[in-house]
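Please look over the sequence and the model below. This report then describes how two chains are built.

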Amino acid sequence: MATAAARQAMSRPSLLRIIPRPRQQQQLISLRFSSSSSATSSSPPKTPEYAIPDPSRPTHFGYETVTEAEKRKRVAGVFTSVAESYDRMNDLMSFGWHRIWKDHFVSTLNPGFSPLSGSSPSGPQHILDIAGGTGDIAFRMLHHAHVVNANPSVRVTISDINRAMLSVGKARATTDLPASQQEALSFVEANAENLSQTRPLQPILSETEQTFFDPATATSGIPDASVDLYTVAFGIRNFSNIPAALREAHRVLKPGGVFACLEFSKADKWTSIFESLYKEWSFRAIPLIGQLVAGDRDSYQYLVESIERFPSQEEFRDMIVDAGFVVAGKGYEDLTGGVAAIHRGMKPRK
Amino acid sequence: MASAAVTCSAGAARRMLLLPPRPTVTLLRPSVPVTRSLSTTANHSSVCRHSHTQQQSIRSRHIRPESQRTPASQLQTRAYHSHDHPAPPRPFTEAETTLLSAALQHVPEHGFGPEALAHGARDVGLLDISAAVLPDGPFSLIRYHLYAQRTGLAAKKDDLFQGTEAIMTVSEKVEALTWARLRGNEVIIGKWQEALAIMAMPSQAPTAAKELGCLADEIYYLAGDLSVDPSWYTKRASLSAIYAATELFMTTDRSPGFQETRAFLRRRLDEASSLGGAVRSVSQWLSFTGSAAVNVLRSKGVRI
């Protein structure tokens, strides 16, 4: 925490300061992006330079600019520190509304649905929940597939880069889920930017152990075209290299597979009054709640800053299209005036 | 109030009533040559339409030279047929169209639901989960049916009129087109009640109502109706109501060839035209009486 003093200085931004800085960042993203859009329209999808992870490339961590490697390390620190109180904090910060979003996210995806006539030619569904940590989405997916759609063949893999978060999820699964659903659930440690290097979840044995996944210890990988549904809920904004993660999602999905992302977005779809109330709440109340409940102001300061820095609905939709997905309609669905948004894309058949 | 309405100019009344833009009629500008090619005209379609073979009578309205027009890029799209506004983007992407048109084939058997979508996805080599990419699930399928049927009317037009277009009246054409559209529901009529129920849901009702308005506009456009007075609205509103009622009637009609529905439609259209005639007579009497009253007052020296 060498920069703790610097972060402390930024921890109470005035609204005046909040507005201009993200704009600079958005510009950065769109610039990086526009340079590629012409290249990807021609058919052979060559990975553009910005979508190849580079530990020394600058990216943003909240309002700070750090290298991709540094961001990975710091995000790991944030989530290791908040893992225990993560679910409680979500309830407090969103007044419990995140449950509504997550339920909506899962029920509109309708995992496990299969028409009764004729068995599926593509085999049992495999759902990959990236940054799934504490299992919120994965457990809902399992419930929807196994109970609502009565399809026990659906498997769910929870992947996270952080063992501390996965361990919380694993503990919840053993207490909350029926045995049949635990059977269908697996936990892997992986970096979403490179899913070819994974390993099954290793229990954390000592306090001092590194909880962050090291690719050198990988024992397995997720093969190409092996996943029906790739979900990432409130995770993608923490990634060091989002274009790389989107391309990796494209790689592991089967043709016809669906990429679905639930993420905080720009809350400007209702009125500016709502937006400014929302910003007041995020920048004043959330770090305070974090300090009081989780005893960690910095992590929640990072959380709200990273939300502010995340691209708008349209920009993120364009990033998804750039990674080779096709979208339907406008490509996203706003929730609660754009506080969160669901982006969906389908990997087209070649 | 009546006197104000009577004395203000036609243009002002048009602005006050927020009427649709008035087409420039040949009679008003006889000296301006027809400069726009047919292909340019076709680009100026609207939300409700994408490509049409256009009637000469409608085309002849395009007599303003290109230089007097605002570039299409600076204009907003319109929810009705407009030759002066750019075409809106297609409401369905290519991937959606492929999936939805395949799914539509399964609707007569499986209804407007996830089954039809999953079967459609399998047909085009996709996965059961692929339909999850659609923004509104089963409603996307209904919306696609409405859209495909509506835009398909233009192609059916020539078959319907079979060269008798010149001698048919607008109301005859409206009836023929409305009937053609209703026949479009024939294959899925067994599942149409559930679709109507989904369309009536609060989250979907605005889209469904807009689509109905577009259909009425499409029918009047194809019938060659050129009215630019308040009847532009009343015609579309009454046709929308008649269409919605007839569509509902059709879901319970068991008569061969849906004759009962046809008769129902004709009765409703007749009623609308006789009611429309009555309204016209009353408003004509009112406007005459109003202007007479104003003139009487003016003759007494009142400054109106």
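In this predicted model, eight strands of chain A form an open sheet. Their order is β6-β5-β4-β3-β7-β8-β10-β9, and the pairing is mixed. Which strands stand at the edges? They are β6 (194-200) and β9 (332-335) of chain A. Each has a single partner strand, so one side of each is left without a neighbour in the sheet. Neighbouring strands in this sheet are turned against each other by 25° on average, direction ignored.

Strand β5 of chain A covers residues 185-191. β5(A) and β6(A) pair in the antiparallel sense, over four bridges. Within this part of the sheet, A:Val188 stands opposite A:Pro200, a residue of β6(A).

Helix α13 of chain A lies across β8, β9 and β10 of chain A. The helix runs at about 20° to β10(A).

| Element | Residues |
|---|---|
| α13 (chain A) | residues 313-322 |
| β8 (chain A) | residues 253-264 |
| β9 (chain A) | residues 332-335 |
| β10 (chain A) | residues 340-346 |

What does chain B hold, helices or strands? Chain B has 13 helices and zero strands. Its pattern along the sequence is α-α-α-α-α-α-α-α-α-α-α-α-α. Chain B has 304 residues, and 30% of them are buried. Consider next the contacts in chain B with a separation of 6 or more: 69% of these join residues 24 or more positions apart.

Terms used. Residues are numbered from 1 along each chain as its sequence is written. Chains are lettered from A and ligands numbered from 1 in the order in which they are written. This is a predicted model: local features need pLDDT of at least 70, side-chain atom pairs count only at pLDDT 80 or more; totals for chains, interfaces and linings use all residues. Helices (H or I, at least four residues) and strands (E, at least two) are DSSP runs, numbered from the N terminus. A residue is buried if 20 or more other C-beta atoms lie within 10 Å of its own, exposed if 12 or fewer, and partly exposed in between; C-beta atoms are placed from the backbone. Two residues are in contact if their C-beta atoms, placed from the backbone, lie within 7 Å. Two strands pair if DSSP finds at least two bridges between them. Axes are lines fitted to C-alpha atoms, for helices over the stretch in contact, and angles run from 0 to 180 degrees between N-to-C directions.
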